Amino acid sequence: MNKVAKKNKQLKPNTAPWRFYVVAAVILLVYLVLAARSAYIQVIEPDMLKKQGDRRSKRIAELDVQRGSIVDRNGDELAVSVPVETVWADPKIVMENNAFAMEKHWQALADVLGKDVKELTARIGKNPNKRFLYVERQVSPAMADYIKQLKIPGIHLRKESKRFYPAGEISAHIVGFTNVDDKGIEGIERLYDDKLTGTSGSKRFRKDAKGRKVEILSVEEATPPQNVELSIDQRIQALAYKELKGAVRAFKATSGSVVVVNVHSGEILALANSPSFNPNNRKNTAIHRFRNRAITDVYEPGSTMKPLSMLTALEFGTAEQSTVIDTSPGWMRLGGRRVSDPINRGKLSLQDILVTSSNMGTTKLALSVPKEFLLDRFFDAGFAEDTGTGLVGETMGMMSSRSRWSQYELATLSWGYGLAISPLQLARFYATLANGGVKIPLRILKSDEVPQGQRIFGEAQAKYIVSLLEGVVTEGGASRAAVDGYRVGGKTGTAIKAVPGGYGNDYVGLFAGVAPISNPELAVVVVINEPGGDLYHGGEIAAPVFSRVMKGALQVLNVEPDAHTRIVEAKQAKQIRGGGNA
């Protein structure tokens with residue numbers, strides 16, 4: 001027993017107490033460090049690890065929306081968005097993969113994009129730490145497929161959309177165009193940019209290590225864009241542009257405009273300008289071609305204002321339907337300045353004054369009313385205000401509101417000098433006449449709402465003036481404006497263009513008219529600016545365009561011919577006269 005006890009005593013480990021304390025202290029220290037680290041990460045600064053985790057797992061998918069379409073009143077597309085792709089580069093990836101060593105691939109990329117390969121590679125390699133650089137915007141799908149097959153590291157494709165204008169130059173000034181970022185910068189594209197654009201949405205989700213979606217974090221719905229439906233009838237627009245372009249070329253004119261308006265609704269059915277431009281390819285296009293001349297350019301309207309001067313005298317009471325004006329000896333002096341007709345026309349009825357476009361007759365009618373009344377009629381007609389379309393760049397015209405007017409200035413105002421208006425303003429005035437003296441704002445958007453008009457002329461007087469305008473076409477020098485099957489009324493205008501210090505040698509030929517006379521539906525204005533040939537009068541160069549445009553528009557709209565009503569009215573008038581004699 002003693003031997004066994006002694007042996008056990010010898011085998012008992014002889015451990016120093018300090019070693020135990022050292023090990024315990026180390027273990028405790030490790031736990032304290034881990035606890036402190038955990039506290040620091042979870043309590044003091046947890047955002048850092050969250051961000052790192054989010055970078056690995058959280059993704060955002062953009063829900064892009066394409067731009068809305070612009071259509072005419074019948075639903076024909078005037079502007080649509082088509083899918084394209086944009087080529088972009090990640091210079092850092094290009095440099096890290098030594099992609100510039102793929103010389104043949106870069107040459108192929110440069111060739112398909114039409115770029116110099118040295119300039120292309122130098123531009124990408126200029127900033128090797130940059131992560132995004134546009135190489136080419138809006139390439140076609142075929143080009144995108146070719147570039148994708150090159151498989152150049154750091155060269156990527158991104159889906160975008162591009163505007164396409166099916167009507168091309170025909171409706172270019174109305175529709176306008178967008179820039180490379182799909183932002184409207186001209187025409188309807190600019191005016192209704194917010195409506196056409198919509199709002200992109202997004203989806204935030206979390207994915208696992210294999211790229212699978214494991215959690216939808218949030219969804220922001222996209223706001224779809226809206227389409228814009230214009231009042232334009234593309235059939236009439238195409239006809240107006242064709243006839244206008246032909247006339248501008250035939251008469252070697254600088255430019256021209258045509259406006260077609262529905263007299264009852266104020267809707268603009270056509271608004272054409274020449275020269276125009278191709279909105280699908282605007283490279284090397286002169287800036288002046290982008291101008292919508294029908295709303296931005298102003299002209300002295302010439303004799304197209306004579307119906308307004310005559311209407312003013314009728315409304316004031318200094319003239320009646322039976323009034324005869326003695327224009328002998330064919331000229332007069334006002335304040336030392338001469339007003340005259342080409343010949344002494346003698347005594348003229350109101351119909352004769354418009355048919356012969358007598359300056360003397362119009363002057364005497366205008367001077368028979370107080371100055372303020374005459375000027376108010378011109379302002380009431382809308383010659384110092386916009387037409388209500390809201391179109392970008394529309395002018396208010398030039399009509400002086402000064403208090404001092406000489407008799408000569410009032411005389412020239414009565415036959416269309418001393419003010420400057422746009423073709424669209426002139427169209428609204430003739431639409432007002434055709435609408436029985438009710439002025440309504442013009443509209444470029446299709447609408448079923450009944451417009452709120454303002455009566456500015458008496459109905460009986462306005463209708464009488466319209467009947468006189470028919471005589472200008474049937475009996476006067478505006479016979480080229482006649483339309484087979486329809487009763488048409490209108491007035492020619494020929495104005496010398498003003499230059500600094502007076503008037504120059506250039507002319508503007510105009511024709512403004514309405515049809516059908518029995519129940520007017522359309523007002524059409526044609527302006528031919530600075531014709532270069534021997535013909536320059538409105539009846540020679542603008543009236544034929546009016547005739548063809550008016551005829552085509554009436555047929556497109558299925559307006560019933562009314563030429564037979566002239567015969568019926570003539571027979572009725574003859575019967576009345578016969579009964580009276582009996």
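Reader: Leaving aside neighbours within four places in sequence, what is Trp405 in contact with?
Author: Trp405 is in contact with Lys371, Leu375, Ser400, Leu410 and Leu413, where contact means heavy atoms within 4.5 Å. This is a predicted model, in which local features need pLDDT of at least 70 and side-chain atom pairs count only at pLDDT 80 or more, while totals for chains, interfaces and linings use all residues. Residues are numbered from 1 along each chain as its sequence is written, and side-chain values use heavy atoms, with hydrogens and water left out.

Reader: Where does Trp405 lie, and is it buried or exposed?
Author: Trp405 lies in the loop between E17 and H17. Helices (H or I, at least four residues) and strands (E, at least two) are DSSP runs, numbered from the N terminus. Trp405 is buried, with a relative accessible area of 10%. Buried means under 20% relative accessible area, exposed over 50%, and partly exposed in between, for a 1.4 Å probe and protein chains only.

Reader: How far apart are Trp405 and Leu375?
Author: They are 30 residues apart in sequence, and their C-alpha atoms are 9.8 Å apart in space.

Reader: And H17, how many of its residues are buried?
Author: Helix H17 (residues 407-414) is mostly covered, with 6 of its 8 residues buried. Those are Tyr408, Leu410, Ala411, Thr412, Leu413 and Ser414. Just after H17, Gly416 has a positive phi of about 90 degrees.

Reader: Switching to charges. How many salt bridges are there?
Author: A search of the whole structure finds 25 salt bridges. A salt bridge here is a side-chain nitrogen of Lys or Arg within 4 Å of a carboxyl oxygen of Asp or Glu.

Reader: What does Glu189 pair with?
Author: Glu189 forms a salt bridge with Arg67, and the closest N and O atoms are 2.9 Å apart. The pair links distant parts of the chain, 122 residues apart: Glu189 is in helix H9 (residues 187-191), and Arg67 is in the loop between strand E1 (58-63) and strand E2 (70-71).

Reader: Are those two buried or exposed?
Author: Glu189 and Arg67 are both buried.

Reader: Which residues are linked with them in a network?
Author: The network of salt bridges links Arg67, Arg163, Lys183, Glu189 and Asp193.

Reader: What about Glu169, which residue does it bridge to?
Author: Glu169 forms a salt bridge with Lys245, with the closest N and O atoms 3.0 Å apart. Glu169 is in the loop between strand E5 (155-164) and helix H8 (172-175) and Lys245 is in helix H11 (residues 234-250), so the pair ties together parts 76 residues apart in sequence. Glus169's accessibility puts it in the middle class: at 28% relative accessibility, Glu169 counts as partly exposed. Lys245 is partly exposed as well, with a relative accessible area of 30%.

Reader: And Glu385? Which Lys does it bridge to?
Author: Glu385 forms a salt bridge with Lys439, the closest N and O atoms being 2.9 Å apart. Glu385 sits in the loop between helix H16 (371-380) and strand E17 (398-399) and Lys439 in strand E19 (residues 438-439), so this pair ties together parts 54 residues apart in sequence. Glu385 is partly exposed at 29% relative accessibility, whereas Lys439 is buried, with a relative accessible area of 8%.

Reader: Helix packing next. At what angle do H13 and H15 pack?
Author: Helix H13 (residues 306-316) and helix H15 (residues 359-367) pack at about 40 degrees, with their axes 8 Å apart. Axes are lines fitted to C-alpha atoms, for helices over the stretch in contact, and angles run from 0 to 180 degrees between N-to-C directions. That makes H13 oblique to H15; angles under 35 degrees count as roughly parallel, over 145 as roughly antiparallel, 65 to 115 as roughly perpendicular and the rest as oblique.

Reader: Which residues meet there?
Author: Lys306, Ser309, Met310 and Ala313 in H13 meet Asn359, Thr362 and Leu365 in H15.

Reader: What about H5 and H6, at what angle do they cross?
Author: The axes of helix H5 (residues 103-113) and helix H6 (residues 117-125) cross at roughly 105 degrees and come within 9 Å. That makes H5 roughly perpendicular to H6. Trp106, Gln107, Leu109 and Ala110 of H5 make the contact with Val117, Leu120, Thr121 and Ile124 of H6.

Reader: Overall, how many helices and strands?
Author: The protein has 22 helices and 23 strands. Buried residues make up 45% of its 582 residues.
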